[in-house]
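Subject: Structure for you to look through

Dear colleague,

I am passing on the structure that we talked about, and I would be glad if you opened it before reading on. My notes follow below it, so that you can check each point for yourself.

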Amino acid sequence: MVGRRDADAVVRLFTDFYDRTDGYLPELICTDEYAVYQTVILDTYGVCKHELELTPEEEALFSLGDFHFPEEVTYATVHKHKEGGRVVGVTERLVLGSGERLEEPLEGSERSRTVNTSFVERYHGTQRHFNARKKRKAYTLSKELCFHEAAVWLVVLWYNFGWCVRTLREKVQQEPPRYHYRTPAMAAGLTDHAWAMGELLCYPLYPPADPRPKQPPRKQPPRTYRDVLERLKGVVHPAQEAPG
């Protein structure tokens with residue numbers, strides 16, 4: 001998402017991710033030590049007892065307490081120790097979940113066996129490489145947010161449909177080695193070829209079959225970090241209440 005890195009942006013990010021994944025419970029979430037993440041993760045995947053609308057019989061059998069956070073989700077953070085601008089050490093900390101739950105996704109991973117944020121950092125580096133508007137002290141720096149956001153989403157589209165990622169290639173011949181290069185969209189089965197930029201820009205967008213109502217219902221304002229703290233009052237320790 002495009003925006004400042006503040007508490008309200010974190011709420012919008014996790015709300016959007018939750019909606020896109022249809023409430024799927026991730027096995028492992030890894031972030032840096034920005035305190036807001038823990039509170040928002042609790043709000044996103046946790047359930048308050050009074051929100052379940054239980055019958056008296058069901059409430060008598062409910063043994064998870066007034067607030068329940070699913071045991072399927074494990075949350076861990078990494079803290080990088082730097083000296084002279086270089087990382088000299090990394091400290092891992094388990095925040096939510098159990099050690100056994102943390103080991104399962106790491107042991108089953110084909111890419112990494114440690115808690116880290118390397119994958120999202122690599123993605124951000126690729127974004128900066130493709131999008132010159134994200135460079136500082138350059139003439140390409142965006143002057144208006146709308147153009148910056150449009151360029152960001154164009155790069156997201158190109159990353160998924162137009163760029164053949166080396167780590168996604170498939171070996172089709174041993175000697176001499178030959179590979180079938182794939183884009184992320186090809187690996188996900190969404191397309192059978194790498195799209196050219198012209199194909200991306202000329203792809204037709206069809207209007208929806210059902211016409212829009214003349215007076216669409218008013219959208220609810222996006223939830224803020226203040227709303228999250230209000231919902232989790234009595235659940236989140238005051239030390240976790242980071243400023244916006």
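What follows is a short account of what was found, beginning with the whole chain and then going region by region.

The model is predicted, so local features are described only where pLDDT is at least 70 and side-chain atom pairs only at pLDDT 80 or more, whereas totals for chains, interfaces and linings use all residues. Residues are numbered from 1 along each chain as its sequence is written, and side-chain values use heavy atoms, with hydrogens and water left out.

**The whole chain**

The secondary structure of the protein chain comes to 9 helices and 7 strands; here helices (H or I, at least four residues) and strands (E, at least two) are DSSP runs, numbered from the N terminus. Along its principal axes the C-alpha trace spans about 65 × 55 × 40 Å. Of the 244 residues in the chain, 28% are buried, where buried means under 20% relative accessible area, exposed means over 50%, and partly exposed lies in between (1.4 Å probe, protein chains only). Among contacts (heavy atoms within 4.5 Å) between residues at least 6 apart in sequence, 56% join residues at least 24 apart.

Strands of a sheet pair through backbone hydrogen bonds, either parallel or antiparallel. In this model, 3 strands form an open sheet in the order E1-E4-E5, with mixed pairing; two strands are taken to pair if DSSP finds at least two bridges between them. Strand E1 (28-31) and strand E5 (86-96) stand at the edges with a single partner strand each, so one side of each is left without a neighbour in the sheet. From one strand to the next the twist averages 25°, and for such angles the axes are lines fitted to C-alpha atoms (for helices over the stretch in contact), with values running from 0 to 180 degrees between N-to-C directions.

E1 pairs with strand E4 (residues 74-83) in the parallel sense over 4 bridges. Within that pairing, Cys 30 has Ala 76 of E4 as its bridge partner, and Thr 31 stands opposite Thr 77. In a regular strand the side chains alternate between the two faces of the sheet.

Helix H2 lies across E1, E4 and E5, running at about 35° to E5. Asp 43 belongs to this helix, which covers residues 36-45, and at 8% relative accessibility Asp 43 counts as buried. The side chain of Asp 43 makes a polar contact with the side chain of Arg 223 at 2.8 Å; a polar contact is a pair of N or O atoms within 3.5 Å, and within protein one must be able to donate a hydrogen and the other to accept it, while residues adjacent in sequence count only if both atoms are side-chain atoms. Leaving aside neighbours within four places in sequence, Asp 43 is in contact with Arg 223, Val 228, Arg 231 and Leu 232.

Tyr 18 is found in helix H1 (residues 7-20) and is partly exposed, at 32% relative accessibility. Tyr 18 and Thr 44 are 26 residues apart in sequence, yet their C-alpha atoms are 7.4 Å apart in space. In the loop between H1 and E1 sits Asp 22, which has a positive phi of about 55° although it is not a glycine, and which counts as exposed at 70% relative accessibility.

**Aromatic rings and a cis bond**

The structure holds 9 aromatic pairs. The rings of Tyr 159 and Trp 163 have centres 5.5 Å apart and planes at 45°, so this pair is tilted; rings of Phe, Tyr and Trp (its six-membered ring) pair if their centres lie within 6.5 Å, and planes under 30 degrees apart count as stacked, over 60 as edge-to-face and the rest as tilted. Tyr 159 is buried at 18% relative accessibility, whereas Trp 163 is partly exposed at 29%.

Finally, the peptide bond from Glu 175 to Pro 176 is cis, with omega near -15°, and Pro 176 lies in the loop between strand E6 (165-173) and strand E7 (178-182).
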